[in-house]
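Reader: I am new to this structure. Can you take me through it step by step?

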Amino acid sequence: MQRMPNISLSKREVKNLIRKSFYSSGGESYICKPNHSKTLYKLFRDGPKIIPMSENKERKIVRLHELQLEHSVIPIATISCRGELIGYEMTHDEDDERYSPTYQSRNEKIDFLDETHQILEYFASKDIIYGDVAYRNILFNKRTGKAKFCDMDNIFIEGNPIDLVGTTTPLATYNNACGIDEKADAFVHNMLTFQTLGVDFPMYLDDELELDFYEPGIRVIESMDDPTMFTGEYVIQYVKRR
């Protein structure tokens with residue numbers, strides 16, 4: 001396995017980084033933004049305690065560093081403390097912000113969903129299942145108007161599994177029925193489409209769906225009632241523009 005560049009930090013430097021350069025946090029990490037850097041540091045944690053990065057995550061970020069994927073945050077270097085890998089450095093654009101559909105028109109929302117659908121298809125061409133397709137993991141660049149995905153260390157890539165599925169997420173619903181397979185991203189993206197467009201799934205009525213979707217899309221939605229019968233299609237391609 002190819003080694004990435006590594007940033008070695010002392011225990012004191014790690015503590016100061018979290019205390020002085022905290023940027024955000026997730027269920028398994030702290031995100032820090034050092035003052036001298038235009039990048040972000042992701043440090044893995046269990047509660048408040050910094051922990052070693054798993055071998056599964058290390059394999060994935062090394063591969064992502066090699067691939068230099070488009071439309072995503074890219075790992076630049078590993079981060080170590082006392083000889084153990086505890087995180088990694090990643091690219092960051094100051095104009096990126098977490099996506100929110102709040103102030104977008106319907107057509108702008110559809111454009112966003114079309115774009116993220118195409119990005120997921122691009123990932124699939126690289127043997128990647130993204131998995132947790134959710135607003136919190138999608139960045140929107142206010143300068144370019146383009147989307148990109150973050151939290152890339154949680155993907156499925158080349159046999160290296162997704163680390164976190166959750167218990168109440170759309171991904172968990174699909175995983176409980178089918179496991180993580182090549183249809184997972186379409187299922188979860190469809191759920192994001194319903195959320196974004198205000199479609200009440202599964203409590204929908206056929207005549208209501210006809211306002212938003214062409215007939216092939218209605219069939220896709222009906223197949224999602226039982227994930228084991230899901231067609232694997234992205235429903236966004238069948239959305240009507242008003």
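Predicted model: local features only at pLDDT ≥ 70, side-chain atom pairs only at ≥ 80, totals over all residues.

Reader: Where do I start? How many helices and strands are in the chain?

Author: Start by counting elements. The chain has seven helices and 12 strands. Next, check the overall size. The radius of gyration is 19 Å, close to the 18 Å that the globule rule gives for 242 residues, so the chain is as compact as a globular protein of that length. Along the principal axes, the C-alpha atoms fill a box of roughly 60 × 35 × 30 Å.

Reader: What share of the residues counts as buried?

Author: Burial is read from relative accessible area, with under 20% as the cut-off. Here 51% of the 242 residues count as buried. Now look at the outside. The accessible surface is about 12,300 Å², and carbon and sulfur atoms hold 49% of it.

Reader: Let us zoom in. In which sense do β2 and β3 pair?

Author: Look at the bridges. Strand β2 covers residues 22-26 and strand β3 residues 29-32. They pair in the antiparallel sense, over four bridges. One to find on screen: F22 has C32 in β3 as its bridge partner.

Reader: What do β2 and β3 form?

Author: A hairpin, with two residues between the strands.

How values were computed: Residues numbered from 1 in each chain as written. Heavy atoms only, no water. Rg over C-alpha atoms; globule rule 2.2 N^0.38 Å. Buried < 20%, exposed > 50% of the residue type's maximum accessible area, 1.4 Å probe, protein only. Areas by Shrake-Rupley, 256 points an atom, 1.4 Å probe, with all protein chains shown as cover. Pairing = 2+ DSSP bridges.
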